[in-house]
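Q: I'm new to this one and would like to learn how to read it. Please take me through it one feature at a time.

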Amino acid sequence: MATPGGRLQQLLEGHRSLELAFEQEDGPRDEGEAFLVDVDGFEGPLDALCVPNAIAMCGADLMTGLDRTRDAGYILTSPVLVWDNEPRSSPILQHLARAITQGHRVVIWPRHLPKDANEMVAQGIDVAKVLAASTFQGLRAQLEFHRWRV
């Protein structure tokens, strides 16, 4: 059975870069077509390819990415914000703390895992399972955040 990482490697073989482009339709969107339910929002495109129903925000400021997605006419219900597993990165700590304060569902990775979801896939780790077990909100998110960053 092919792994997601193996499929990604096949797709990228022989290419030096990967470019994703999105086009905006003219006119108002039909809200029924624009619903994104239980979406995982990742920092990077390769990480977003590792799990079903994920989008890439292309940067650490996932909150701005959420705003832009909504401004483009997409209605996100129950988004989960997923930063890299970098507990010593000041920007990630700031963004994550703000997301928790605002009541968002966030992923706080177990510290022993690699930095990126694509590295986890390469090591044979079931990223979707880890995401499900590591998604927190509210007081539990605050507790896990303080444990993670120490």
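Predicted model: local features only at pLDDT ≥ 70, side-chain atom pairs only at ≥ 80, totals over all residues.

Q: Let's begin with two side chains: are Phe145 and Trp148 buried or exposed?

A: Buried means under 20% relative accessible area, exposed means over 50%, and partly exposed lies in between (1.4 Å probe, protein chains only). Here, Phe145 and Trp148 are both buried. Residues are numbered from 1 along each chain as its sequence is written, and side-chain values use heavy atoms, with hydrogens and water left out.

Q: How many aromatic pairs does a search of the whole structure find?

A: Rings of Phe, Tyr and Trp (its six-membered ring) pair if their centres lie within 6.5 Å; planes under 30 degrees apart are stacked, over 60 edge-to-face, and the rest tilted. Searching the whole structure turns up 1 aromatic pair. The partners are Phe145 and Trp148, in a tilted arrangement with 6.5 Å from centre to centre and 35 degrees between the planes.

Q: Which helix do Phe145 and Trp148 lie in?

A: Helices (H or I, at least four residues) and strands (E, at least two) are DSSP runs, numbered from the N terminus. Both residues sit in helix α7, 3 residues apart, which is about one turn of the helix.

Q: Zooming out, how many helices and strands are there in the protein chain?

A: You'll find 7 helices and 7 strands. Reading from the N terminus, the elements go α-β-β-α-β-α-β-β-α-β-α-α-β-α. As for burial, 36% of the chain's 150 residues are buried.

Q: In what order do the strands of the open sheet come?

A: Two strands pair if DSSP finds at least two bridges between them. Five strands make up this open sheet, ordered β3-β2-β5-β6-β7, with mixed pairing. At its edges are β3 (54–56) and β7 (135–136), each of which pairs on one side only.

Q: Which strands does helix α3 lie across?

A: Helix α3 (residues 62–71) lies across β2 (40–42), β3 and β5 (80–82).

Q: Which residues touch the most other members of the largest nonpolar core?

A: A nonpolar core is a set of buried Ala, Val, Leu, Ile, Met, Phe, Trp, Tyr and Cys residues joined through side-chain atoms within 4.5 Å. The largest one has 19 residues, and Leu81, Trp83, Leu96, Val106 and Ile108 touch the most other members. Helices α3, α4 (90–101) and α7 (138–149) each supply at least two residues of this core. The biggest giver is α4, with 5 residues. There is also a second, separate core of 15 residues, with Phe42, Val80, Met120 and Val130 among them.

Q: What does Val106 touch, not counting residues up to four places away in sequence?

A: Contact means heavy atoms within 4.5 Å. Beyond those sequence neighbours, Val106 touches Val80, Leu81, Trp83, Leu96, Ala99, Ile100, Ser134, Thr135, Phe136 and Ala141. Over the whole chain, among contacts with a separation of 6 or more, 62% are between residues 24 or more positions apart.

Q: Where is Ser78 found?

A: Look in the loop between β4 (75–77) and β5. Ser78 has a relative accessible area of 38%, so it is partly exposed. Although Ser78 is not a glycine, it has a positive phi of about 55 degrees. Ser78 and Val39 are 39 residues apart in sequence, yet 6.9 Å apart in space, C-alpha to C-alpha. With neighbours up to four places away left out, Ser78 touches Asp38, Val39 and Arg105.

Q: What phi does Asn53 have?

A: Asn53 has a positive phi of about 60 degrees, and it is not a glycine. Asn53 sits in the loop between α2 (45–48) and β3, and it counts as partly exposed because its relative accessibility is 44%.

Q: Does Asp84 count as buried or exposed?

A: Asp84 counts as buried because its relative accessibility is 9%. The residue is in the loop between β5 and α4. Setting aside neighbours within four places in sequence, Asp84 is in contact with Glu43, Asp47, Ile92, Trp109, Lys115, Asp116 and Trp148.

Q: What is the mean pLDDT of the protein chain?

A: pLDDT is the predictor's confidence in each residue, from 0 to 100. The chain's mean is 81, and 75% of its residues reach 70 or more. Over residues 18–23, pLDDT stays under 50, and the model has 3 contacts beyond four places in sequence for them. Residues 28–34 also have pLDDT below 50, with 9 contacts in the model beyond near neighbours in sequence.

Technical notes
Axes fitted to C-alpha atoms, helices over the stretch in contact; angles between N-to-C directions.
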